Amino acid sequence: MTITGKQHQLLQVYCIYQSVDQTNTSGIVGEKTYFSQQWEVLHGMGVSQPQPRTRLIQDLQKELCNLPSDRRFILLGDFNETIGRDPNLMASICSRHNLVDAVTARHPHACHTPTYSRGTKRLDYALISPELIPFLHASGLNQFNEVSTSDHRALFLDFDRSGILRTGVPLVTSSQQIMHSDSASIKEF
């Protein structure tokens, strides 16, 4: 989603789901899982050994690198990883684009707070351009099921709208789109 900001500067917001790592020795994973669907799409495109998690990072990296250099952005998502454990996954995105974890920017102790009810790790993040930090009033993680029934914690961001938006109400300048290197194929799912 693209939001028009102050002085007509655009703010790009992405909601991302990265599949769980379902690489296993038996090769058996549920056929209806997101990982399997992505694997099938990539395999159908001629990729002999599909790696959906790696492909998401490659596609996202390409998308962000194609944005104008002054574009600010927010990445919200269930990344199904603890950022920093694998330098080739979301850590590579954070490093290349100098992104800041909006929750730990306000609550450094929250870096290890589990965000998945059946897990012990943080998997959900709000990553923002560093230029947005001065306008971030609050951020945090809610209790499980506090906002909606989910096996993940809801996270929240509260920005000073007058600092980043040109109006009190955001103007959406483009519709939601599926971002994938082969968007036509992904629509099948």
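Me: Let's start with arginine 122 and aspartate 101. Buried or exposed?

Reply: Both arginine 122 and aspartate 101 are buried. Keep in mind that this is a predicted model.

Me: What do the two side chains form, and what is the N to O distance?

Reply: Arginine 122 and aspartate 101 form a salt bridge, with their closest N and O atoms 2.6 Å apart. Arginine 122 sits in the loop between helix 4 and strand 5, while aspartate 101 belongs to strand 4, so the pair ties together parts that are 21 residues apart in sequence.

Me: How many salt bridges are there in total?

Reply: The count comes to three. Another one joins the side chains of arginine 118 and aspartate 151, at 3.2 Å from N to O.

Me: Where are those two in the chain?

Reply: Arginine 118 is in the loop between helix 4 and strand 5, and aspartate 151 is in the loop between strand 6 and strand 7. They are 33 residues apart, so this pair links distant parts of the chain.

Me: Why does arginine 118 count as exposed?

Reply: Because its relative accessibility is 62%, and exposed means over 50%. Aspartate 151 is partly exposed, at 25%.

Me: New topic: helix 2. Which residues pair up there?

Reply: Arginine 55 and aspartate 59 both lie in helix 2, four residues apart, which is about one turn of the helix. Their side chains meet in a salt bridge at 3.4 Å, N to O.

Me: Why is arginine 55 called buried?

Reply: Because its relative accessible area is 19%, and buried means under 20%. Aspartate 59 also counts as buried, at 12%.

Methods
Residues numbered from 1 in each chain as written. Predicted model: local features only at pLDDT ≥ 70, side-chain atom pairs only at ≥ 80, totals over all residues. Heavy atoms only, no water. Salt bridge = Lys/Arg side-chain N within 4 Å of Asp/Glu carboxyl O. Buried < 20%, exposed > 50% of the residue type's maximum accessible area, 1.4 Å probe, protein only.
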